[in-house]
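Biologist: I'm new to this one, and I'd like to learn how to read it. Could you walk me through it, feature by feature?

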Amino acid sequence: MSSRAPRGRWMWIVVAVFAFLHWDFWLWDDATLWFGFLPAGLGYHALYSLGAGLLWFTFIRLAWPDHVEEWASRKPEEPQ
Amino acid sequence: MIAQVAPAAAQAAAPVSYVPLWVIGGYMAILIGLGLASMRSFRGTSKDYFTASNTVGPILLLLSVFGTTMTAFAMVGSTAKSFEQGIGTYTLMASSSGIVHSLVFFLVGIRLWAIGKRHGHVTQVQYFRDRFESRGLGNLLFPILVLLVIPYVLTGFIGAGTFVQGATRGMFPTAFAETSGAVPPWLTILVVMFVVLFYIFQGGVRGAIWANAFQTIMFLVAGLAAVYMIQRSLGGLSAASAAVLEKSPGHLVREGKIGHGEFLSYMLVPLSVGMFPHLFQNWLTAKDAKSFRTVLVFHPIFILVVWLPCVLIGVWAVGQGLKPSTSNATLGMMMTKYVSDPVVRGLVQAGTIAAIMSMDSQIMALGTMFTEDVVVHLRGKGKVSDKEQVWWSRAFILVIMALSYFLAMYPPPNVFDLGVWCFSGFAGLFPLVVAAIYWKRTTTAGAFASVLAMLSVWGVLFWRGLVAPALAGTPVEEPLVLGVMPVVWVVLAAGVALVVVSLATRPPSDTTIRKYFA
């Protein structure tokens, strides 16, 4: 099985940048309550979770590895 | 019948509603019904019992994978940890899991599904034995995986016991005087064990998947309902958070509670999903690779829906000056105290128990592993009938349940900490599975070195960080090593050992490489 998705490899850069954004060091001691009840650090990470869903939605649209399913469907002895 | 157990005098002294217990009883009855229904769909083969004949579509896969990933750790553990440590709990585990879990499902889950489909593997041990041409590697991995799953199952039992204890306080003052009238953990755990065993014995993995899907819907709704009801009782969202700001503002920030090294290193903990035996089994049930798409997108959002309410409730408990017997009881006590409508309270509590009981897949995976990796492996393929395989699986599950029940009688103070240790061990096996899938040059000796390095480092740190303090009766602190979580050293040791030893030793045969990479 080929180890890489055939297209959309640049999406991995987006994933790496998004992963880095998880580290919200600028909100470490921010006790502001967003909308009057949601602590800033918690609010940021709630948005981050939504962003993760959106990121993976984009990812599967642009870089889905169709070849994996094809590989799985072939019998082991079949040539490529 | 339950209401009759409580003496009339006690009821008069402290009016207690037993409606929530009836609602919880109804929920258990539905699970038993699902077990019976899944038995009707059972095709009588071991393949159907262990993989549901690869028939699970995207929605059911999403609900079951999410349900089995979110257990007592998510509901009871997250509330308890937030009560102790504040909002940082969400940032440590929930948002990081949102991206890392989906990443692992993509990088590992889909590939293992494909490999399992093409080569007929049912367990991880079967795959690693074949991939590295080594029976010994499988023999080494089997007990490690079992020993790491047991604490995970334990978090479910302990979570159920303490949650129900917190939620039923004062209900049975005579029958259970030693627990302030609450249903004691030993009884709750027995009931939970019976119900879980019933539906997985009836329907196998299909029973577990159906129950998980139902449980996921239950606890998604329960979390939202709980936070809505509790904030209403506390005077609204703003009033609930303002009380925390006044009483303990430190619970609303991470400064002074979570270091940056600890925060960053927590990002490695969710790698554990790549080696969870129960997830491997869940992945194999998928009808096709496209079924994973829904899981990837909605998993982070579902985590938000479950964790955000729990973390808010845990933090709000601080603002209300709650004094639970252990932090594990925070969620149960908050519901009892601030959800006034008994029917709604019962539904919310049933939803929480639903999350706790979703450790059924872990139990199912243990039975599958024993049957496939020990019984069938030793006696030879084709020499154990389908019926025998199913019975061996059930027998092993019973043994493990008895052991877990015994261990649950001596619980650690916080299920969150136990869960993190368990996940750190699985995360230490992540380099092995990634290398097995993507790196042709990985060798058998490298695989052995990686597992042994993981085991040594994790074992020493686990003893130092959790077992020794618990035995000595001293408080269990965050087990940082040089400012970062133990998982960093466990993964690093396993990864370095794998690469160094692989480069120095002979790779598997061309036949095996072609089998998995061509």
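Modeller: Happy to, and keep in mind that this is a predicted model. Let's begin with the nonpolar core. A core here is a set of buried nonpolar residues joined through C-beta atoms within 7 Å. The largest one has 203 residues.

Biologist: Which residues of the largest nonpolar core touch the most other members?

Modeller: Those are B:Ala160, B:Trp307, B:Ile313, B:Ala427 and B:Ala494. As for who contributes, helix 10 of chain B supplies the largest share of this core, with 21 residues.

Biologist: Let me pick B:Ala494. What does B:Ala494 touch?

Modeller: Leaving out residues up to four places away in sequence, B:Ala494 touches B:Gly428, B:Leu429, B:Pro431, B:Leu432, B:Ser450, B:Ala453 and B:Met454. B:Ala494 is also one of the buried residues of helix 22 of chain B. Others in that helix include B:Pro486, B:Val490, B:Ala497 and B:Val501.

Biologist: How do I check the length of helix 22 of chain B?

Modeller: Compare the expected span with the distance between the ends. Helix 22 covers residues 486-504 of chain B, and at 1.5 Å a residue its 19 residues should span 27 Å. Its end C-alpha atoms are 27 Å apart, so the two agree.

Biologist: Now a whole helix and its surroundings. How many of the 8 residues of helix 8 of chain B are buried?

Modeller: A residue is buried if 20 or more other C-beta atoms lie within 10 Å of its own. In helix 8 of chain B (residues 124-131), 6 of the 8 residues pass, so the helix is largely enclosed by the rest of the structure. The six are B:Gln124, B:Val125, B:Tyr127, B:Phe128, B:Arg129 and B:Arg131. Their cover includes helix 7 (88-119), helix 9 (135-167), helix 13 (277-284), helix 17 (360-379), helix 20 (430-438) and helix 23 (510-517) of chain B.

Biologist: And what about phi angles?

Modeller: Most residues other than glycine have a negative phi. Positive ones are worth a look. B:Glu133 has a phi near 50° and sits in the loop between helix 8 and helix 9 of chain B. B:Ser180 has a positive phi too, about 55°, and lies in the loop between helix 9 and helix 10 (185-233) of chain B.

Biologist: Let's zoom out. How do I judge the overall fold of chain B?

Modeller: Start with the elements: chain B has 23 helices and 0 strands. Its radius of gyration is 23 Å, close to the 24 Å that the globule rule gives for 518 residues, so chain B is as compact as a globular protein of that length. Of those 518 residues, 60% count as buried. Among contacts in chain B with a separation of 6 or more, 85% link residues 24 or more positions apart.

Biologist: Last one: how many residues of chain B are in contact with chain A?

Modeller: 46 residues of chain B are in contact with 34 residues of chain A. Helix 7 of chain B gives the most to that side, with 15 residues. By class, the side of chain B that touches chain A has 29 nonpolar, 9 polar and 8 charged residues.

How values were computed: Residues are numbered from 1 along each chain as its sequence is written. Chains are lettered from A and ligands numbered from 1 in the order in which they are written. This is a predicted model: local features need pLDDT of at least 70, side-chain atom pairs count only at pLDDT 80 or more; totals for chains, interfaces and linings use all residues. Helices (H or I, at least four residues) and strands (E, at least two) are DSSP runs, numbered from the N terminus. The radius of gyration is taken over C-alpha atoms; the globule rule is 2.2 Å times the number of residues to the power 0.38. A residue is buried if 20 or more other C-beta atoms lie within 10 Å of its own, exposed if 12 or fewer, and partly exposed in between; C-beta atoms are placed from the backbone. Two residues are in contact if their C-beta atoms, placed from the backbone, lie within 7 Å. Ala, Val, Leu, Ile, Met, Phe, Trp, Tyr, Cys and Pro count as nonpolar, Asp, Glu, Lys and Arg as charged, and the others, Gly among them, as polar. The expected span of a helix is 1.5 Å times one less than its number of residues.
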